[in-house]
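Walk through this protein one piece at a time. Keep the structure open as you read, and find each residue when it is named.

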Amino acid sequence: MLFKKAISLFLCFCLCVLPSVSCNYSAGEKTKEPQTQARSYYEFFDTVSVIFSYLGDPEEEFAGNCNAVSELLGEYHKLFDIYYEYSGINNIKTINKNAGISPVEVDEKLIDFLTYCKELYAITDGRTNVAMGSVLKLWHDCREEAEEDISAARIPSEDALTEAAKHCDIDSLIIDKAAGTVYISDPDMSLDVGAVGKGYATEKAARLLIDRGVTSYVLNIGGNIRAIGEKVTGSGWVTGITNPNKLSSESFVCKVSIKDVSLVTSGDYERYYTVDGVKYHHIIDPDTLMPADYFTSVSVFTPDSGFADALSTALFCMSYEDGRALAESLGNVEVIWVDKEYNVKHTGGVVFAE
Ligand code: ADP
Ligand code: MG
């Protein structure tokens, strides 16, 4: 399922962006556009990652940049894994396994990331809560069971959800920066960083590329899009916001132009299962413990990809009014909301394209 989503998001970016960049000249522009280079990876975050260069850099340079990014993504993939441990490192799974038992010594990268997750909890008023693992696991298990055997599809019981929700207190995540340890003091609590991890790693990859001198690249890590710079012609890249209405002949609700920004969408239309004709998707509203019921998709534009990822999940879990107030209070954040009737609303600074 995840993979299917990633492929459709990847195609969405390619279909929209590549035709506009594969020609050598843009109408009315004098600067020659170099041939686009792209390299794909399938091993990170259970999704497709694509690195695009629009610089026309020599093959060895592009390969060097791709290798550096893939090494970094590989490292974060291991650190953020909640299902598997890897020899030689302690990761989120190790931290979860030691909940209520002992602090775990971790790489500084994980300390920084989890410290940021706590800040995100505060900024989003708890809507993006990485300490919600116990609740998310109940939904995840039901979704997996339904995928195995559709006739057994069910949703978690209210009792189980209420019990699990008692173990989602972000203050039970204790980070000791000086000692380099992380400890979950509640034995029944666990971390799930699915709402933030991919975007955070994407941003680290973008910064690495910028440090290497890159000025016109796009990263698409499972639909988390990070534009570095702009096209050599000075214009932005055009991409589409997926139309969640599968009955519509329009693939996109709108097209946008992006430069030096991340674009991350949270939606209910890719990862879901059905029980008695009702769709249950994967983004859980901490207030109701049920799949959030406000929108079909929320897309966030802001430079930092980790922030965009966390914010798209949070805004998906709050009303338009609350979300708009939050977005406007933050600055340098633009949003497109698609509601359940497929009406589109947006903040004032979104750059639309034809
Ligand atoms: P996607 O992973 O599809 O890009 P999101 O960034 O919105 O979408 O993250 C959804 C994932 O985050 C879920 O699969 C789950 O692991 C986790 N999650 C769901 N709801 C929440 C929430 N309210 N707070 C924190 N994490 C969540
Ligand atoms: Mg997210």
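Glutamate 85 lies in the loop between helix 2 and helix 3 (92-97). Helices here are DSSP runs of H or I with at least four residues, strands are runs of E with at least two, and both are numbered from the N terminus. At 34% relative accessibility, glutamate 85 is partly exposed. The scale is simple: buried means under 20% relative accessible area, exposed means over 50%, and partly exposed lies in between, using a 1.4 Å probe and protein chains only. Leaving out residues up to four places away in sequence, glutamate 85 touches Asn91, Lys93, Thr94 and Lys97. A contact means heavy atoms within 4.5 Å.

The model is predicted, so local features need pLDDT of at least 70 and side-chain atom pairs count only at pLDDT 80 or more, while totals for chains, interfaces and linings use all residues. Residues are numbered from 1 along each chain as its sequence is written, chains are lettered from A and ligands numbered from 1 in the order in which they are written, and side-chain values use heavy atoms, with hydrogens and water left out.

How confident is the predictor? The pLDDT is its confidence in each residue, from 0 to 100. The protein chain has a mean pLDDT of 92, and 91% of its residues reach 70 or more. Over residues 1-9, though, the pLDDT is below 50, and this stretch has 20 contacts in the model beyond near neighbours in sequence. Residues 18-30 also stay under 50. There the model has 26 contacts beyond four places in sequence.

Now go to helix 2, where leucine 73 has its place. Is leucine 73 buried or exposed? It is buried, with a relative accessible area of 1%. Apart from neighbours within four places in sequence, leucine 73 is in contact with Phe44, Phe45, Ser49, Ala201, Ala205 and Ile221. Its C-alpha atom is 10.0 Å from that of tyrosine 41, which is 32 residues away along the chain.

Next, look at the rings. Rings of Phe, Tyr and Trp (its six-membered ring) pair if their centres lie within 6.5 Å; planes under 30 degrees apart count as stacked, over 60 as edge-to-face and the rest as tilted. By this rule there are 15 aromatic pairs. One of them joins tyrosine 54 and tryptophan 237. This pair is tilted, at 5.1 Å centre to centre with 50° between the planes. Tyrosine 54 lies in the loop between strand 2 (47-53) and helix 2 (59-80), and tryptophan 237 lies in strand 8 (residues 237-242), so the pair ties together parts 183 residues apart in sequence. Tyrosine 54 is buried at 3% relative accessible area, and tryptophan 237 is buried at 0%. Elsewhere, ring pairs link Phe45, Tyr76, Phe80, Phe113, Tyr116 and Tyr200 into a cluster.

Rings can also carry a charge above them. A charge sits over a ring if NZ of Lys or CZ of Arg is within 6 Å of the ring centre and within 35 degrees of the ring normal. The charged end of lysine 279 sits over the ring of tyrosine 272, 4.6 Å from its centre. Lysine 345 lies over the face of tyrosine 320, also at 4.6 Å from the ring centre.

Which residues coordinate the magnesium ion (ligand 2)? Its donors are Ala195 (O), Asp309 (O), Asp309 (OD) and Thr313 (OG1), at 2.1 to 2.5 Å. Donors are N, O and S atoms within 2.8 Å of the metal (3.2 Å for Na, K and Ca), and water is not among the atoms, so sites may look incomplete. In sequence the donor residues are spaced A-x113-D-x3-T. Aspartate 309 and threonine 313 both lie in helix 8 (residues 305-316), four residues apart, about one turn of the helix. Aspartate 309 is buried at 6% relative accessible area, and threonine 313 is buried at 10%.

Turn to the cysteines. A disulfide is a pair of cysteine sulfur atoms within 2.5 Å, and by this rule the count is zero. The sulfur of cysteine 142 has its closest cysteine sulfur in cysteine 168, 16 Å away, too far for a bond. For cysteine 317 the closest is again in cysteine 168, at 13 Å, too far for a bond.

Finish with the backbone. Aspartate 276 has a positive phi of about 50° although it is not a glycine. It lies in the loop between strand 11 (272-275) and strand 12 (278-281), and at 76% relative accessibility it is exposed.

Technical notes: pLDDT is the predictor's confidence in each residue, from 0 to 100.
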